[in-house]
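Welcome, and please open your viewer. We will go from stop to stop, and at each one you will hear what to select and what is there.

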Amino acid sequence: MYAEQGRGAYHAYVRRHPFTRLRFAPGREDPYPIYEQIRSRGPFIETPMGNLATVDHAVCKDVLRSRRWGVQPEGQGPPEDFDLSFLDRNPPDHTRLRRLVAPAFSPRRTGGLRAGVDKTVDALLDDVAASGEFDLVAGLAAPLPIAVISDLLGVPDADTAAFSRYGAAIGSALAGIRSLRHAREVMAANRALEQLFLDLFERRRAEPADDLLTEIVAAEAAGEVASAEMVPLCGLLLIAGFETTVNLVGNAVNALLDHPDQWAALVADPGRAGAAVQETLRFDPPVQRTARVSFDDTEVAGTEITRNRWVNVLLGGANRDPAVFADPDVFDIGRTDGVEHLAFSSGIHHCVGRPLAELEATVALVRLAERFPRLRRAGAVRRRNATLIRGPLVLPVAAG
């Protein structure tokens, strides 16, 4: 582990390889100039490990949508030490597990949650309003999606602080373990979630309820999901169900406060909150990259790619491709070409929770603009120590 970090530092600081520099300062704090360096080298660059990386929007979209690329080599199962359920599986297991939970996150079902999301946001803003100054992440961005996904799953008495720690630990581990301490944090988070869900499964077997956990327990009884698949599935839904939204809301407010004219435009018309969410997803997405492996010897954008070769799909860079987006480095909630962003991936692995994340972030921005039109910074932003997941860990603001 430490030898790998040493090799990474060598490639980042001595060889100055742009892909490796994304893992270290200043690339971790602001990856976008490095994405442009990668773009200048063509549709692909080779990584120090011999894989490929791309920020080309057309290439990223084609790779993500092709059925001849997967999240694991063809015929190979997911890693045994870090099971991310259907996120880490190819069809048919991906199809089977995703189909089990997808109806709960459909636009129709998500629309029915609007009243509850409104109520939760207002209650959270009531709590922070009295203090005048508050941390937007701890006060709104984290507790909102944790409350919503916990209720949807059927997790009672959700511990916001604990779940935030679990999400931060597991999310940061997606790009690799940094240290023994980091490994212990990830293992502790996994153990805590495993015990939580095992206890809840037993409870739902005895006392079914109107929630997604009960549906999963019923699917186990029907032979549609194996017992060993249930904890990873629920863990993915819980963590992904709030980690994306925590960082989406944080990145949105951070970008709006960086661009006072855009915040003023939102305050003047809170109905533009949905557009502000989409522009945030393009401009500073919470998930910066994913990866796919080719099932075949193939050619993409003039580059020969052999079977089982990995491509790092740099979503954050693709979302600023000037071939697709006019003035891509400009944050503009009035943008008309932003719908082509890849913030939620594409193809069969397109984020199942997208409608819910967009709903929560939109309501949060609407109510912030209506209730705190003079919102401003009250301290320095502290970002997450992660490269795959991007968002503020602490965002101090003042309500007026």
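Is Phe-201 buried or exposed? Select this residue in the model, which is a predicted one, and show its surface. Phe-201 is buried, because its relative accessible area is 1%, and buried means under 20%.

**Stop one: a pair of rings**

How many aromatic pairs does the structure hold? There are four. Phe-197 and Phe-201 make up one that is stacked, with 6.3 Å from centre to centre and 25° between the planes.

**Stop two: charges over rings**

Now select Arg-320 together with Tyr-32. Arg-320 lies over the face of Tyr-32, and the distance to the ring centre is 3.7 Å. Then move on to Arg-282 and Phe-325. Here the charged end of Arg-282 sits over the ring of Phe-325, at 5.5 Å from the centre of that ring.

**Stop three: an enclosed space**

Rolling a probe the size of a water molecule over the atoms shows where empty space is left. A search of the whole structure turns up one cavity of 30 Å³ or more. The largest cavity has a volume of about 120 Å³. Colour the lining by class, and you will have five nonpolar, four polar and five charged residues.

**Stop four: the cysteines**

For the last stop, show the cysteine sulfurs. How many disulfides does the structure hold? The count is zero. Select Cys-60 to begin with: this residue is in no disulfide, and the nearest cysteine sulfur, which belongs to Cys-351, is 17 Å away. Cys-60 is buried, with a relative accessible area of 0%.

Definitions and conventions. Residues are numbered from 1 along each chain as its sequence is written. This is a predicted model: local features need pLDDT of at least 70, side-chain atom pairs count only at pLDDT 80 or more; totals for chains, interfaces and linings use all residues. Side-chain values use heavy atoms; hydrogens and water are left out. Rings of Phe, Tyr and Trp (its six-membered ring) pair if their centres lie within 6.5 Å; planes under 30 degrees apart count as stacked, over 60 as edge-to-face and the rest as tilted. Buried means under 20% relative accessible area, exposed over 50%, partly exposed in between (1.4 Å probe, protein chains only). A charge sits over a ring if NZ of Lys or CZ of Arg is within 6 Å of the ring centre and within 35 degrees of the ring normal. On a 1 Å grid over the protein atoms alone, a cavity is a set of points where a 1.4 Å probe fits but cannot get out, and a pocket is an open set with protein on both sides within 12 Å along at least five of seven lines; lining residues have an atom within 4 Å of a point. Grid points are joined across faces, edges and corners, and a volume is the space filled by probe spheres set on the points. Ala, Val, Leu, Ile, Met, Phe, Trp, Tyr, Cys and Pro count as nonpolar, Asp, Glu, Lys and Arg as charged, and the others, Gly among them, as polar. A disulfide is a pair of cysteine sulfur atoms within 2.5 Å.
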